[in-house]
Amino acid sequence: MKNHLIFVAISTLLCSSPVLADDLVKLYGRANIGIQSKDDGTSSVVSAESYASRIGVKGNTKVSDSLEAFYVFEFEVKPTENENDGKTADNLSARSEYIGVKGAFGQFIVGRNDTPMKRSQNSADLMNDYTGDISSLMVGENRLGDTIQYSTPSLAHLQFEVSYIAKDNNKQNGDAGMSLSASYGDRKFKAMPFFVSVARDSKVAGQDVNRVTVQGKMGALTLSGMYQQSEKVDTDDKKDSYVVSASYKINDYNLLAQYQDSESEAGKMKDSGTGTSIGVERMMSKQVRMFLWYSQFELDNKPDQDHIAVGLRYDF
């Protein structure tokens, strides 16, 4: 824990130093905390929850006119963690941590990062980081270390990504893995009003996965759909899953709805079934938003669950 405090202290000193004037170092993060009521079919509890709150340091520098080096060190912080009142290492855990280079050829990174499979869903998961996250019932949402990743430059809005995961990663069960994706369109719907991707995981975290994602923006309405087929490595037991979601923006409010159905029993719920979520966000500024959401899970082998939360998210 002492090392974690040193990291935060160094980051603070860096952000107060003149090096920031050259945009070489940036401290950033997100505080995302809510009051949540959970009913898992056997008990009901109300608690304060942190939804992937994080702090990180990133920077970049020009190596030459055509080459740039960069790095990211990001950690999840858990301000609501209650074991020993937060005085353990469990209060801080690794997220994306890598170093890389980029230029006209694209970019290479080495370290820990989201796989191309995970990145291929773009913003289709409107409940990302919350209880209704698609990872509750689906596989393929991996952020893995021991990774070498290459991304091509965007060529007429077409981009390819490939990631090699070494067998030393403890989720690989002694197998090296590959994650690949191809995407067309605009992830932020500015240059083009749609985004389409296909992705494939081979022996990644014990799973082979194929995924297709389609998103489109029409004025204030954004619609998304995702289908995937997965199977455990060295088996022929294929599992189908899909997600549909919609968001609608009204002034400072964003209305959210999402439905997922999965035959897989490898998500966070460790069961197959369906998940339905609705929510609303109110943007209070560019950095601050309030949220209210409700998620219901109808599981095949466990009691159904209901979750509702209200909270505040601050990005800096």
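Me: What radius of gyration would a compact globule with 316 residues have, and what does the protein chain have?

Reply: The general idea is to set the value against a rule for globules of that length. This is a predicted model. A compact globule of 316 residues would have a radius of gyration near 20 Å, and the protein chain has 20 Å, so the two agree. Along the principal axes, the C-alpha trace spans about 55 × 45 × 45 Å.

Me: How many helices and strands does the protein chain have?

Reply: The protein chain contains two helices and 17 strands. Of its contacts between residues at least 6 apart in sequence, 50% join residues at least 24 apart.

Me: Which residues form the largest nonpolar core?

Reply: A core is read as a set of buried nonpolar residues joined through side-chain atoms within 4.5 Å. Here the largest has seven members: Tyr51, Met127, Tyr130, Leu256, Phe291, Trp293 and Ala309. A second, separate core has five residues, including Tyr28, Phe70, Val72 and Ile109.

Me: With which residues is Leu256 in contact, leaving aside neighbours within four places in sequence?

Reply: Leu256 is in contact with Leu126, Met127, Ala246, Ser247, Ser277, Ile278, Gly279 and Glu281.

Me: How many positive and negative side chains are there, and how far apart do the centres of the two sets lie?

Reply: The protein chain has 35 positive and 42 negative side chains, with the centres of the two sets 6 Å apart.

Conventions. Residues numbered from 1 in each chain as written. Predicted model: local features only at pLDDT ≥ 70, side-chain atom pairs only at ≥ 80, totals over all residues. Heavy atoms only, no water. Helix = DSSP H or I, 4+ residues; strand = E, 2+ residues; numbered from the N terminus. Rg over C-alpha atoms; globule rule 2.2 N^0.38 Å. Contact = heavy atoms within 4.5 Å. Lys, Arg positive; Asp, Glu negative; His and termini not counted. Charge placed at Lys NZ, Arg CZ, Asp CG, Glu CD. Buried < 20%, exposed > 50% of the residue type's maximum accessible area, 1.4 Å probe, protein only.
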